[in-house]
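Trainee: Could you walk me through how to read the features of a structure, one at a time?
Mentor: Happy to; have a look at it first.

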Amino acid sequence: MKPPESILIVCIRLIGDVILTTPLIGLLKEAYPEAAIDILVGKGTGEFLEKDPRVRRVLYSEKGGKGYFREIFRRYDLAINMNASDRGNSAVLFAGRRQRVGFYLGRSFWKDVWKRLFFTHSLEFQENIPVARYCELVADALSIPGKRLQVKVFWDATDESKVSAILKGHNCATPFFVVHPFARWIYKYWKFDRFAAVSDAIAERYGLQPVWTSSPAAEEKRLLNEAADLCRTRPVLIAGELTLNQMTCLISRAAFYLGLDTAVTHLAASTGIPMVALYGPTFTSRWFPWHNDGDPAQGSPETRGVLQRGNIVVLQKDLECVPCGKAGCDDGGDAESPCLAAIGVDEVLMAVGLLLKDEAVARSVIEEKMKHV
């Protein structure tokens, strides 16, 4: 079959999903170097892709609107949806002239039949593999030779200049580490006083300057200042000043990253720096940060507890009910998760020690502590 000259990737999901779709861009560009690749994403989730030199154009789907249909109708030799949503699959059917790739859930024959009939490559959605590996499933379906999956977010000289100017403006000349204490939902939050305690200890033990960041949301910016007031070593505050491209640039210069189960953590993993992330009820089998230098078939190293792959450590309390996959115990998303709140400062600091000091004793101690509230 003639190689495609035009490709559309559809990922109308959250920012984390879009970040973890970037390995497919690389696979397709290697397989079809002359093809033009466009991306259809939700508004506010994929603007960072506009800096990706492998992408010709980023198209946006706004909630409640379908205006993009006339822009994509029958314009692509190959169209791919990266999840099982009807919205994304419909876009693929509209867009794909020759090849159409999409996922179905496999729970109901009648709900899935149109996807299985009209896609040239219909893939059953697997719910217990890392999200980045959907890129591998698509590549296999298209008979693209298996290569290493690389999560990649680009930045340019303008981004580098802005990051440098901010650091210089704060007199941040020493080696620094980044703390991003926010997530999209409250149930993924950890206590700010504990972040402050960990930040102070890292600064004192390793001689690193703390740099704390937030999104542009007004509430996060307010909380960032309140949390920083709890620190003995005053952190540099970068409150909503950076795009995701610039945030990735900043993190790439850091000696270490500490964060939560959020999109910025996936950005941090893509840079390859040592990092610790704190997880509550989330399934790490799907959302463990992708290790670019790891096995392409990687999954979460364990079910819960101290999870390590390369220089990425995830802490998730070793409790019988974890992970449950709910948005907190009430599944509402707006209340603290007891399993996340149960992670202590000393446990986090020992995880940091695993990466920054290679303390062999830290692992056995922390694994025992993670079993108890």
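Trainee: What should I know before I start?
Mentor: This is a predicted model, where local features need pLDDT of at least 70, side-chain atom pairs count only at pLDDT 80 or more, and totals for chains, interfaces and linings use all residues. Residues are numbered from 1 along each chain as its sequence is written, and side-chain values use heavy atoms, with hydrogens and water left out.

Trainee: Let's take sheets. What is the strand order in the open sheet of six strands?
Mentor: Helices (H or I, at least four residues) and strands (E, at least two) are DSSP runs, numbered from the N terminus, and two strands pair if DSSP finds at least two bridges between them. Here the order is S3-S2-S1-S4-S5-S6, with parallel pairing. Strand S3 (57–61) and strand S6 (121–124) stand at the edges with a single partner strand each, so one side of each has no neighbour in the sheet. On average, neighbouring strands of this sheet are turned by 15° against each other, direction ignored; axes here are lines fitted to C-alpha atoms (for helices over the stretch in contact), and angles run from 0 to 180 degrees between N-to-C directions.

Trainee: How many bridges join strand S1 to strand S4?
Mentor: Four, between residues 6–11 of S1 and residues 76–81 of S4, running parallel. Val10, for instance, has Asn81 in S4 as its bridge partner. Four bridges also join strand S5 (residues 96–104) to S6, again parallel, and there Val101 has His121 as its partner in S6.

Trainee: Now a helix: which residues of H4 are buried?
Mentor: In helix H4 (residues 86–95) they are Gly88, Asn89, Ala91, Val92 and Ala95. Seen down the axis of H4, these buried residues fall within an arc of 155°, so they line one face of the helix. The arc is that of the directions from the helix axis to the C-beta atoms.

Trainee: How much space lies in the largest pocket?
Mentor: On a 1 Å grid over the protein atoms alone, a cavity is a set of points where a 1.4 Å probe fits but cannot get out, and a pocket is an open set with protein on both sides within 12 Å along at least five of seven lines; lining residues have an atom within 4 Å of a point. Grid points are joined across faces, edges and corners, and a volume is the space filled by probe spheres set on the points. The largest pocket holds about 1000 Å³. Of its 40 lining residues, Leu14, Arg184, Trp185, Thr262 and Ala263 are the closest to its centre.

Trainee: And the second largest pocket, what is its volume?
Mentor: About 290 Å³. Of the 16 residues lining it, Arg13, Asn83, Ala84, Phe125 and Arg286 are the closest to its centre.

Trainee: Which residues line the largest cavity?
Mentor: They are Leu20, Pro130, Val131, Ala132, Arg286, Phe288, Pro289 and Trp290. That cavity holds about 30 Å³.

Trainee: Last, the backbone: which residues does a cis peptide bond join?
Mentor: Most residues other than glycine have a negative phi, and most peptide bonds are trans. In this model a cis bond joins Val322 and Pro323, with omega about -5°. Pro323 lies in the loop between strand S13 (312–316) and helix H13 (338–341).

Trainee: Is Ser143 buried or exposed?
Mentor: Exposed, at 64% relative accessibility. Ser143 also has a positive phi of about 60° although it is not a glycine, and sits in the loop between helix H6 (134–141) and helix H7 (157–169).

Technical notes
Buried means under 20% relative accessible area, exposed over 50%, partly exposed in between (1.4 Å probe, protein chains only).
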